[in-house]
Amino acid sequence: MYFHLPDLPASILGVIYGVLGFVAAIIAYAKLSQGPNLHAIPAVDSSSWLGSWWSGFKYLMNAQNVIQKGYERYKPEPFKVAEINRWTVILSNPEHLEELAKASDEFSFMEAFNDRIPLEHLLGPDLYHNPYHIAVIRLHLIRNLDVIYPEIRDEMVASFAELLDLRENEWKGVTASSIVQKVVCRTSNRIFVGLPLCRDPDWIDLNIRCTVDMIMGGIMIGWFPKSMRSLASRLFTKVPQCINRGVKLLRPVIEERQKYLNEYGTEWDDKPNDLLSWLMDEAEGPELTVERLTPRMLAINFASIHTTSSAFTQALFHLAANPQYLQPLRAEVEDIVEKDGWSKVAVDKMRRVDSFLKECLRFDGVIATLSRKALKDFTFSDGTFIPKGTLIAAATSSLHHDKNLYKNPDVFEPFRFAEMHEEDSNGPKHRLTSTSVKYLPFGHGRIACPGRFFVASELKLMLAHVVVSYDVKLEDSATFPPSLRIGTFTTPNPHAKVVFRNRID
Ligand code: HEM
């Protein structure tokens with residue numbers, strides 16, 4: 001059920017929107033004032049009644065500018081930025097970030113996330129209170145990477161071929177973001193739920209759309225008091241329909257596996273080696289039901305599909321805008337594959353491919369990561385005090401463009417990390433999967449993204465395949481497509497085209 005305003009004259013609608021805006025401003029201010037006492041931390045813009053609301057609006061429109069302004073003015077001290085209904089303290093001091101990344105009981109990633117997108121009320125409390133899927137991703141997905149490599153590649157190559165559907169040597173323009181989302185969804189789900197579900201158009205559509213529905217629904221129900229959020233989620237968001245669709249599609253797969261599990265225990269011939277199987281092996285009691293496994297699977301897709309496809313779409317734009325990098329990438333891939341085949345060993349050796357992707361995430365990846373909520377009062381070792389309840393994030397994009405941390409930070413230098421790897425005796429620390437307070441797209445420390453080893457393999461296989469199989473360029477006279485941003489969410493341009501043809505040389 002959704003609310004629609006009836007057709008009313010513009011003047012009456014204007015009054016209604018005015019009143020709603022005023023009420024929203026009051027609620028927002030009330031929420032801003034209810035939070036922890038952050039008076040000692042300077043604000044980037046005004047912290048007055050109306051000023052903070054206006055600053056929140058500016059943050060929504062251009063968070064990067066607001067954070068950069070604070071970074072230039074206050075670094076290395078923390079500063080606060082107003083969002084529409086909350087303050088966030090931004091950290092810019094690498095020492096603070098290192099301490100934050102190491103802290104255990106004092107800060108929570110999940111609490112901070114839940115404050116923005118209340119997954120607990122959207123997908124149910126089990127996911128939030130019993131996140132056993134994180135351990136499964138951390139242990140099984142990484143441990144099985146070698147074995148699942150051929151499947152990742154098989155699905156990815158088939159998806160590109162089908163979705164691009166190129167004829168002879170003709171150039172064909174495609175909407176990059178849409179094609180990449182489908183390739184990523186299919187390829188990732190080959191490892192998440194296996195064949196044939198990973199190719200089911202309904203499953204692909206569900207997982208691509210559901211992320212957007214969860215973000216929009218989450219932002220909306222975040223305005224409601226906690227006690228009303230589950231009801232609001234059922235009434236005003238599309239998430240319950242997503243879960244029902246998911247249950248319908250997953251039920252036959254899960255029930256068949258449950259039959260084998262009951263009959264043979266955790267091992268049987270031809271047992272699928274995928275994330276769903278590993279989750280079912282670890283699930284206990286009611287967690288093993290279709291109704292509990294489905295939201296978990298949707299949540300894993302939520303964490304992976306848009307993040308991975310955004311990273312690859314942006315890489316594709318960089319490649320198409322800079323065709324001079326195609327040749328050095330091709331040379332590396334062909335040389336390595338000739339000796340080692342399309343194996344994990346081979347892809348691990350592809351330093352230019354690794355560096356290209358890593359630079360794309362540094363250059364125009366996320367704006368703020370290391371999002372945490374302080375669960376108790378915390379004092380950094382230099383005496384900086386953070387009160388309980390404070391929302392914190394790192395000034396990721398500003399750090400990634402700081403000339404004290406990177407040479408020529410505002411220039412896209414795709415092989416910079418490969419060169420650092422060559423010059424450094426501790427080369428591996430420059431790999432895509434290595435995090436540090438200078439490199440934060442995957443977060444850092446105890447809670448750093450557990451999917452990053454899988455995603456690095458997937459992205460590297462995709463880029464290596466594209467460079468050896470296709471010629472790519474932007475449309476004639478097109479310039480680098482600008483990303484879309486709302487608050488700290490950033491997404492590559494959803495309309496821009498990349499032109500492909502089968503490689504001719
Ligand atoms: C390019 C793709 C991806 C990016 C940029 C990314 C980024 C991140 C970041 C920034 C965090 C928070 C870490 C922190 O604050 O320290 C995170 C957490 C997480 N990511 Fe990823 N991620 C990606 C892909 C994936 C994939 C493919 C999966 C699943 C297979 C995944 C699963 C998760 C999970 C479950 C968490 C929560 C960890 C926890 O609560 O301890 N991510 N990711």
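The axes of helix α17 (residues 351-364) and helix α19 (residues 416-423) come within 6 Å and cross at roughly 125 degrees. Axes here are lines fitted to C-alpha atoms, for helices over the stretch in contact, with angles running from 0 to 180 degrees between N-to-C directions.

The model is predicted: local features need pLDDT of at least 70, side-chain atom pairs count only at pLDDT 80 or more, and totals for chains, interfaces and linings use all residues. Residues are numbered from 1 along each chain as its sequence is written, and side-chain values use heavy atoms, with hydrogens and water left out.

On the α17 side the contact (heavy atoms within 4.5 Å) is made by Arg-351, Arg-352, Ser-355, Lys-358, Glu-359 and Arg-362, which meet Arg-416, Phe-417, Ala-418, His-421 and Glu-422 of α19. The residues of this contact divide into two nonpolar, two polar and seven charged. Ala, Val, Leu, Ile, Met, Phe, Trp, Tyr, Cys and Pro count as nonpolar, Asp, Glu, Lys and Arg as charged, and the others, Gly among them, as polar.

Strand β8 (residues 391-394) is covered on both faces: Leu-391 and Ala-393 are buried on one side, Ile-392 and Ala-394 on the other. Buried means under 20% relative accessible area, exposed over 50% and partly exposed in between, with a 1.4 Å probe and protein chains only. In a regular strand the side chains alternate between the two faces of the sheet. Within β8, Leu-391 is the bridge partner of Thr-88, and Ala-394 stands opposite Thr-369.

Strand pairings, which require at least two DSSP bridges between two strands, include the following.

| Strand | Partner | Bridges | Direction |
|---|---|---|---|
| β2 (residues 87-91) | β8 | four bridges | parallel |
| β5 (residues 369-374) | β8 | three bridges | antiparallel |
| β4 | β12 (residues 497-502) | four bridges | antiparallel |

Helices (H or I, at least four residues) and strands (E, at least two) are DSSP runs, numbered from the N terminus.

The bridge partner of Lys-172 in β12 is Phe-500.
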